[in-house]
Amino acid sequence: MNINSVIIAGVLFALLLCVVYLLRKALASRSQYAVQKRSRVLSNAERSFYEELCSAFDDDYAVLPKVEMSQILEPKTQLVSSVKSAISKTLENDHFDFVLCSRQNMTVFGVIELEHSDVASGAQKNRHQLTRNEHVSKLCENAGLRLFFFDARQSYKGVDLSRLIIGRSKLSEDEAKMSPTHQSQLTIETPSNSIYGHSRSCPKCRSEIVTKVALKGSDIGEKFLMCRKYPYCDYRVSVKDLERMREIEQKESKQAQSRGYKDWS
């Protein structure tokens, strides 16, 4: 074999290596897009519960399914970088089943987890479920985030999920018409005084009633009487004129006295 043959063989081998490299690179580039669509986002049990959740709340709240934990939680700022990185990776690899948010500013009210434990599925799976529940509970407790567990095996048709979670029932159509959609459309809370000059109390829970005025929307300028514990107590009413206010107070005063309350102080 002469020198020319060796050179030609070396060139051919180099070309072969280049071709192999380019082919592998092309295949790797294509493989990162080798995906397919999942058949569905939620299981049957999750979808059924999600539908019940959505119908349980009024327009003040939105229910988001399958939210990555890193969208809701983050490492504390004073931690060292290595610890932050480890926590961030853990949060990115897990999700909350459902997140309940305010529709107006998307602040998080709380998270909702479905428990899928089943005796028939075996002790090992149950232990895994308990470990995850404990993990999620500690995360939410340290973050000051409300957490609610519900059993995926139970039907929640007819159950007042709104009252169980946010402390008040969904507003009826009549109540929704009488009240502004968002509490933040109203002015800062101030103590409410009746036209008789004495303080009013909530007829439902006896807490203080506050007066608010709508700052925007179709009810701009209108006054509303609301329980200071709202939304945990859902008492709120629109007062369009003094005559209506007088009728409301007279009715509520009679109801209160019939329960044993002598006055509104």
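Reader: Why is F98 called buried?

Author: In this predicted model, F98 has a relative accessible area of 1%, and because buried means under 20%, F98 is called buried. F49, with a relative accessible area of 4%, is buried by that cut-off as well.

Reader: What makes the aromatic pair of F49 and F98 tilted?

Author: The ring centres of F49 and F98 are 5.7 Å apart, and rings pair if their centres lie within 6.5 Å.

Reader: Why is the pair of F150 and Y156 called edge-to-face?

Author: The planes of F150 and Y156 stand at 85 degrees, with 5.3 Å centre to centre; because planes over 60 degrees apart count as edge-to-face, that is the name this pair receives. Both F150 and Y156 are buried, and they belong to one aromatic cluster together with F49, Y50 and F98.

Reader: How do you know that R146 lies over the face of F109?

Author: R146 is placed over the face of F109 at 4.2 Å from the ring centre, and the distance cut-off for a charge over a ring is within 6 Å.

Reader: Is L12 buried or exposed?

Author: L12, in helix α1 (residues 3-31), has a relative accessible area of 53%, and because exposed means over 50%, L12 is called exposed.

Definitions and conventions
Residues numbered from 1 in each chain as written. Predicted model: local features only at pLDDT ≥ 70, side-chain atom pairs only at ≥ 80, totals over all residues. Heavy atoms only, no water. Helix = DSSP H or I, 4+ residues; strand = E, 2+ residues; numbered from the N terminus. Buried < 20%, exposed > 50% of the residue type's maximum accessible area, 1.4 Å probe, protein only. Phe/Tyr/Trp six-rings, centres within 6.5 Å; stacked < 30°, edge-to-face > 60°. Lys NZ or Arg CZ within 6 Å of the ring centre and 35° of its normal.
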